[in-house]
Amino acid sequence: MPEPSVLRIRPALPSDEDALALVDRATWSPLHAVAPRPQPPYEPFFDERHVPEDHLVAELDGRVVGYLRLVLPTSLACNAHVRQIQGLAVLDEARGRGVGRALLRSAVEETRRQGARRITLRVLGHNAPARGLYASEGFVVEGVLPEEFLLDGTYVDDVFMGRSV
């Protein structure tokens, strides 16, 4: 009988740069990306706007298989009680094993730990798997920008979801 997999969610470290960049490129899909497919030379994963402290890393049996980026949505003091998920990626081989759900739950815990009251995200309207996961974790649709993006010749809604923590 195979050993059960061990899933661990932890804060990102600067040394995770290469592994997270690989996850980011491997998971690119028109289902969730509005930017074109990344091409070499690749931009760094971490930069002045995307620092390690803003990321949670998912490890399955000691291997990085996903991440979640959790940030302040704006620099305004009047908005400091909100955190926003601005990226969630899980390698195909790790899907269906609770990785995305564990990352979401950890993001809610981290939002609460930081003293914030709400957590929000944006998701493309045609991304039914992600929307279902978010809804199952208590996120509700709070707004829709109809046909906000033109992706591969199709207009796609931008769906804003959120929840209290």
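Helix H2 is followed by Gly115, whose phi is positive, near 85°; helices (H or I, at least four residues) and strands (E, at least two) are DSSP runs, numbered from the N terminus. This is a predicted model, in which local features need pLDDT of at least 70 and side-chain atom pairs count only at pLDDT 80 or more, while totals for chains, interfaces and linings use all residues. Residues are numbered from 1 along each chain as its sequence is written, and side-chain values use heavy atoms, with hydrogens and water left out.

**Helix H2**

- The 15 residues of H2 should span 21 Å at 1.5 Å a residue, and the end C-alpha atoms are 21 Å apart, which agrees; the expected span is 1.5 Å times one less than the number of residues.
- Buried residues of H2 include Val99, Leu103, Leu104, Ala107 and Glu110, where buried means under 20% relative accessible area, exposed over 50% and partly exposed in between (1.4 Å probe, protein chains only).

**Nonpolar core**

- The largest nonpolar core has 34 residues, and those with the most contacts inside it are Leu20, Leu68, Ile85, Tyr134 and Phe139; such a core is a set of buried Ala, Val, Leu, Ile, Met, Phe, Trp, Tyr and Cys residues joined through side-chain atoms within 4.5 Å.
- Among the elements that give two or more residues to this core are helix H1 (17–26), strand S3 (63–71), strand S4 (82–90) and helix H2 (99–113).
- Leaving aside neighbours within four places in sequence, Ile85 is in contact with residues including Leu68, Leu104, Ile119 and Phe139 (contact means heavy atoms within 4.5 Å).

**Strand S3 and its partners**

- Because 8 of the 9 residues of S3 are buried, this strand is largely enclosed by the rest of the structure.
- S2 and S3 run antiparallel and are joined by 6 bridges; two strands pair if DSSP finds at least two bridges between them.
- In the hairpin of S2 and S3, with 2 residues between the strands, Asp61 takes a positive phi near 55°.
- S3 also pairs with S4 in the antiparallel sense, over 5 bridges, and the bridge partner of Tyr67 in S4 is Ala89.

**Aromatic rings**

- There are 3 aromatic pairs, counted where ring centres of Phe, Tyr and Trp (its six-membered ring) lie within 6.5 Å; planes under 30 degrees apart count as stacked, over 60 as edge-to-face and the rest as tilted.
- Phe45 and Phe46 form an edge-to-face pair, at 5.3 Å centre to centre and 75° between the planes.
- The rings of Phe45 and Tyr67 have their centres 5.0 Å apart and their planes at 80°, so this pair is edge-to-face.
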